[in-house]
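Trainee: I am new to this one. Could you walk me through it, step by step?

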Amino acid sequence: SPSLGHTLLTLGEGHTHWHVTFHSSHTHMPRPFSSPSPSGSEEYSQLILEDRVDVVDLLHAFPSCMPPLERMMELLPRLQPRYYSAVNSPLVHPHTIKIAFNVTVLPRRVWSPPQGRFGLCTGWFDRIASGLGTSGVKVPLVPRLQNTFHPPLDPLVPVVMIGPGTGVAPFVGFLQHWRAQGKGAGPRWLFFGCRNPEKDYIYREDLESYHSDGTLLHLTVTFSRLESPGDETRYVHQEM
């Protein structure tokens, strides 16, 4: 195990640890982290694990820790693919894949980078969508070949769909696919829950259009963060 003068960087998920031993003679490591005492373990859990601190945060917090770039490249794990469901049907857009995502904003700490902390993938998607220095960027695709989540082959099979927040995205794609097939519609019921109808009701026009033309038989939408006094907040499980 590393000595007290070493900086322990714990990254990733589970119990994977990388011990970075490059540092200057001056250390910024707080005393509670310098020993395996109960108080040190408790504060470590609160400030590192629970706050989802990453390597960039730690390098800002402890500027005396200056590992060579090549060493960091050896220690950091390969990024795993993030899987998203398509919001559109290949029958309608055969050469385009649309996805929905919610930008993850992580708690900011005094040692965080000045630009704030965002989810790695969703933050990147947000920059691409905003056109911030991402002209010509290529997004690598990793298809999930063993995917069993898809609409039934028979369009007349009854379907109940439950999609809170951006979880409604694949069902929007299902509905678009069913409409494009034009083979009749079985009884379909979509439960969609979000916080505020003015801010979070994504794909509202699409869903109401599918409902009005019969592609979707029932559309039940609940809102859990209404701002007007007297409005009743509801959740999907209550409607179900």
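**Cysteines, strands and a helix**

Mentor: Cys194 is buried (under 20% relative accessible area, with a 1.4 Å probe and protein chains only; exposed is over 50%, partly exposed in between), because its relative accessible area is 8%. This is a predicted model: local features need pLDDT of at least 70, side-chain atom pairs count only at pLDDT 80 or more, and totals for chains, interfaces and linings use all residues. Residues are numbered from 1 along each chain as its sequence is written, and side-chain values use heavy atoms, with hydrogens and water left out.

Trainee: Is Cys121 buried or exposed?

Mentor: Its relative accessibility is 17%. The limit for buried is under 20%. So Cys121 counts as buried.

Trainee: How many disulfides does the count come to?

Mentor: A disulfide is a pair of cysteine sulfur atoms within 2.5 Å. By this rule the count is 0.

Trainee: Which residue stands opposite Cys194 in S5?

Mentor: Helices (H or I, at least four residues) and strands (E, at least two) are DSSP runs, numbered from the N terminus. Two strands pair if DSSP finds at least two bridges between them. Strand S4 (residues 188-194) and strand S5 (residues 218-223) pair in the parallel sense, over 6 bridges. Opposite Cys194 stands Phe223.

Trainee: Why is H5 largely enclosed by the rest of the structure?

Mentor: Helix H5 covers residues 169-181. Its buried residues include Phe171, Leu175 and Trp178. Their cover includes strand S3 (159-164), S4 and H6. H5 is largely enclosed because the buried residues number 10 of the 13.

Trainee: Where does Ser224 lie, and which residues is Ser224 in contact with, leaving aside its neighbours within four places in sequence?

Mentor: Ser224 counts as buried, because its relative accessibility is 14%. It lies in the loop between S5 and helix H7 (236-239). Contact means heavy atoms within 4.5 Å. Leaving aside neighbours within four places in sequence, Ser224 is in contact with Cys194, Arg195, Thr233, Arg234 and Tyr235.

Note on methods: The expected span of a helix is 1.5 Å times one less than its number of residues.
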